[in-house]
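Please open the structure in your viewer and keep the selection tool at hand.

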Amino acid sequence: MKISSLIVASTLAFASSSAFAFSCPKHMKAIDAALATAKVSDAEMAEVKKYRAEGETFHKAGKHQDALDTLAKAEKILGIKM
Ligand SMILES: [Cu+2]
């Protein structure tokens with residue numbers, strides 16, 4: 001009983017954290033895809049690339065909410081609606 005509830009708890013914790021972590025790469029992919037065809041100014045392009053890189057850094061550091069917030073800024077410039 002004790003062991004099985006421990007397994008359930010750790011499985012739930014893993015499932016929720018990995019689902020959360022996984023949305024960052026999804027956003028990065030969408031940004032990369034949009035960058036290929038984006039009609040934005042050079043300044044906007046530089047900004048998007050900066051946010052995209054920052055987002056990836058946050059993601060790798062485990063700061064997924066910061067990553068999503070930063071990636072959202074890039075998506076706003078590109079006009080991506082997620
Ligand atoms: Cu993440």
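The tour below begins with the whole chain and then turns to a helix, a residue and a core.

Before selecting anything, note that this is a predicted model, in which local features need pLDDT of at least 70 and side-chain atom pairs count only at pLDDT 80 or more, while totals for chains, interfaces and linings use all residues. Residues are numbered from 1 along each chain as its sequence is written.

**The whole chain.** Show the protein as a cartoon, and you will find 3 helices and 0 strands, where helices (H or I, at least four residues) and strands (E, at least two) are DSSP runs, numbered from the N terminus. Of the 82 residues, 17% count as buried; a residue is buried if 20 or more other C-beta atoms lie within 10 Å of its own, exposed if 12 or fewer, and partly exposed in between, with C-beta atoms placed from the backbone.

**Helix α2.** Select residues 42-60, which form helix α2. Which residues of α2 are buried? They are Val 48, Tyr 51, Arg 52, Gly 55 and His 59. Looking down the axis of α2, you will see that these buried residues fall within an arc of 105°, so they line one face of the helix; the arc is that of the directions from the helix axis to the C-beta atoms. On the face turned away from the buried side, select the exposed residues Asp 42, Ala 43, Ala 46 and Lys 60. Just after α2, pick Gly 62, which takes a positive phi of about 85°.

**Val 48.** Return to Val 48, which counts as buried because 22 other C-beta atoms lie within 10 Å. If residues up to four places away in sequence are not counted, Val 48 touches Ile 31, Leu 35, Val 40, Ala 74, Ile 77 and Leu 78, a contact being two residues whose C-beta atoms, placed from the backbone, lie within 7 Å.

**The core.** Now select Cys 24, Ile 31, Val 48, Tyr 51, Ala 67, Leu 71, Ala 74 and Leu 78, the 8 residues of the largest nonpolar core, which is a set of buried Ala, Val, Leu, Ile, Met, Phe, Trp, Tyr and Cys residues joined through C-beta atoms within 7 Å. Each of α1 (2-37), α2 and α3 (64-78) supplies at least two residues of this core, and α3 gives the most, with 4 residues.

**Leu 78.** Finish at Leu 78, which, leaving aside its neighbours within four places in sequence, is in contact with Ile 31, Ala 34, Ala 38, Val 40 and Val 48.
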